[in-house]
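Thanks, everyone. I will go through one structure today, strand by strand, and then turn to the aromatic rings.

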Amino acid sequence: MRIRSAAPAVLAAAALAAPLLAASPAAAAAAAHQGGLHLGYIQFDSPGRDSRSNSSLNAEWVNIHNNSGSAIQLKGYKLKDNTGYTYTFGSYKIGAGKTVKVRTGKGTNASGVRYWGRGSYVWNNTSDKARLIKPSGSLKDSCSWTNSNPGYKNCH
């Protein structure tokens, strides 16, 4: 008799806990970005005509976001595309909750922005994949796109 009366309470508790245990794919992806460094918004197709001018090259960029509670030293981190073009960070500390934008063209590095220094585009407009590589060589994050995207991709 006791087991029978306890059964409804156990079933009710299980029904309440079930939604907490089952995470949606979107929630799982968001959890992967919590507490760390990740790729954010990517402008892979420079707006306007691809003229290879420095302003057009700098309109192609990748944001890297620090979603942790403390600053992260990026020295030795790499940003790579599918063909192997690689940007390697020098000494740069990204603050907690801050974003750094890596622009393809030339410019003067400042807080929140780094310049790759290239004279040609990096990111393919039809499809490509940005990879953030740790100094150890292991993959930290990646984000890919196809030509179905409108020239930019939100990787969050």
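Strand S2, residues 61-66, is largely enclosed by the rest of the structure, because 6 of its 6 residues are buried. Buried here means under 20% relative accessible area, with exposed over 50% and partly exposed in between, using a 1.4 Å probe and protein chains only. Strands are DSSP runs of E of at least two residues, numbered from the N terminus.

A word on the source: this is a predicted model, where local features need pLDDT of at least 70, side-chain atom pairs count only at pLDDT 80 or more, and totals for chains, interfaces and linings use all residues. Residues are numbered from 1 along each chain as its sequence is written, and side-chain values use heavy atoms, leaving out hydrogens and water.

Back to S2. In a regular strand, side chains alternate between the two faces of the sheet. Here Trp61, Asn63 and His65 point one way, Val62, Ile64 and Asn66 point the other way, and all are buried.

What does S2 pair with? Strand S1, residues 37-43, runs antiparallel to S2 and is joined to it by 5 bridges; pairing requires at least two bridges found by DSSP. His38 has His65 as its bridge partner in S2. S2 also pairs with S7 in the antiparallel sense, over 5 bridges, and there Asn63 stands opposite Lys101. Lys101 also lies over the face of Trp61, at 3.8 Å from the ring centre. The rule for a charge over a ring is NZ of Lys or CZ of Arg within 6 Å of the ring centre and within 35 degrees of the ring normal.

On the next pairing, S7, residues 99-103, and S8 are parallel over 3 bridges, with Val102 opposite Arg114. The whole sheet is open and mixed, with 5 strands in the order S8-S7-S2-S1-S11. Its edge strands, each pairing on one side only, are S8 (113-115) and S11 (152-154).

Elsewhere, S9, residues 127-133, pairs antiparallel with S4, residues 78-80, over 3 bridges. S9 is also joined to S10, residues 139-146, by 7 bridges, again antiparallel. Arg131 of S9 stands opposite Lys80 and has Ser142 as its bridge partner in S10. S9 and S10 form a hairpin with 5 residues between them, and Gly137 in the turn has a positive phi of about 100°.

Last, the rings. Phe44, Tyr87, Phe89, Tyr92, Trp116, Trp123 and Trp145 are linked into a cluster by ring pairs. Rings of Phe, Tyr and Trp (its six-membered ring) pair if their centres lie within 6.5 Å; planes under 30 degrees apart count as stacked, over 60 as edge-to-face and the rest as tilted.

Technical notes. Helix = DSSP H or I, 4+ residues; strand = E, 2+ residues; numbered from the N terminus.
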